[in-house]
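Subject: A structure for you to look at

Hello,

I am passing on the structure I promised, with the sequence alongside. Have a look at it first, and then read on for what turned up.

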Amino acid sequence: MSTLRELKVRIGSVASSEKITGAMKMISSAKMHKAEIELNRIGPFRNQLQSIMNNLVATDAEYTSELTEVRDVKTVAIAIFGSDDGLCGAYNINLFKSLLVRINEFVHNGVKVVVIPVGKKMQKAVSKLDVKDVEVRKLNLLSKPNIDTVRSLTDNLREMFLKGEVDKVEIISMEFISAGRQVLKNSQLLPVSPEAFGTETAGNKMYIFEPDASKIYNTVLPLYILSMMQEVFCQNSASEQAARIMAMQSANDNAGKLLDSLKLEFNKLRQQSITTELLDILGGQVEK
């Protein structure tokens, strides 16, 4: 049975934990709002690039790009996004499970897989993969949406595709819907599909391209791919912080319940101790 002193120490410890989780929740909330702002800033730029590509695709202009070349898939690269830090619930676990499902699908069909982890936690998780026809290629990339990191990953994936090392590039990440909802997303980065530019058509509008359509296409397409990757990084960052908010809220609630339980036990034990002392005093008076 716990003593009053032990209970007092435990109450102090749980109270401190409750304050810490509350503070971490506030910090994660601020970081999530910052990531949301970045998402809103990226959106108009990506939409404009998408509109330009859609207008090009909808015309009879001649253009070609190696980034849209569809091949028989013998090797596929999967960029899997995770977090750099922990304390975000089952965030990384759910992403890793999705990766395993996708790997099994490809390996079962005789397709080799190159896994590229983003984020310290995901790098640690995939390092334990021991599956035939699966290569883990570590680029030591952090999950924070830094433009240098975004450009580095995009350039590496594009180079692997253009050199013929892989025939397809996929991305597994979390899509941020709201603070309370994030969904797993599996998207194709390369080859770029014309359907990715939207369903709107140019109609009867006549465009004069200067310089030629092919040069515009091959200039804008890499920018479009880069903007897509930047959006994935920001979506991942916002989703990570949202998951951490939920985890800290859950931890805070559990700490509050435990604190109430310990306080109740402490009060009962203190009341029992006082009652015992009173009985001892009354017993001594009766003996006199």
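A pocket, as the word is used here, is an open set of grid points with protein on both sides within 12 Å along at least five of seven lines. Please keep in mind that the model is predicted.

The largest pocket holds about 410 Å³ of space. Its lining is made by 18 residues, and those closest to the centre are Lys31, Lys144, Pro145, Ser237 and Gln241. Two helices, α1 (4–58) and α5, each give at least two residues to this lining, and α1 has the largest share with 6 residues.

Around it are 13 lining residues, with Lys185, Ser187, Met228, Glu231 and Val232 nearest the centre. Here β4, β5 and α5 are the elements that contribute two or more residues. Helix α5 gives the most, 5 residues. The lining of the second largest pocket consists of 5 nonpolar, 4 polar and 4 charged residues.

Two of the elements just mentioned also belong together as a pair. Strand β4 covers residues 168–178 and strand β5 residues 181–190, and they run antiparallel with 9 bridges between them. They form a hairpin, with 2 residues separating the two strands.

Next, the charged contacts. The whole structure contains 13 salt bridges. One of them joins the side chains of arginine 46 and glutamate 231, at 2.9 Å from N to O. Arginine 46 is in helix α1 and glutamate 231 in helix α5, so this contact ties together parts that lie 185 residues apart in the sequence. You have met glutamate 231 already, as one of the residues nearest the centre of the second largest pocket.

Isoleucine 281 is part of helix α5, which spans residues 213–287.

Enjoy exploring, and write back with any questions.

Best wishes

Definitions and conventions
Residues numbered from 1 in each chain as written. Predicted model: local features only at pLDDT ≥ 70, side-chain atom pairs only at ≥ 80, totals over all residues. Heavy atoms only, no water. Helix = DSSP H or I, 4+ residues; strand = E, 2+ residues; numbered from the N terminus. Pairing = 2+ DSSP bridges. 1 Å grid on protein atoms, 1.4 Å probe; cavity = no way out; pocket = protein on both sides within 12 Å on 5 of 7 lines; lining within 4 Å. Points joined across faces, edges and corners; volume = space filled by probe spheres on them. Nonpolar A, V, L, I, M, F, W, Y, C, P; charged D, E, K, R; others polar. Salt bridge = Lys/Arg side-chain N within 4 Å of Asp/Glu carboxyl O.
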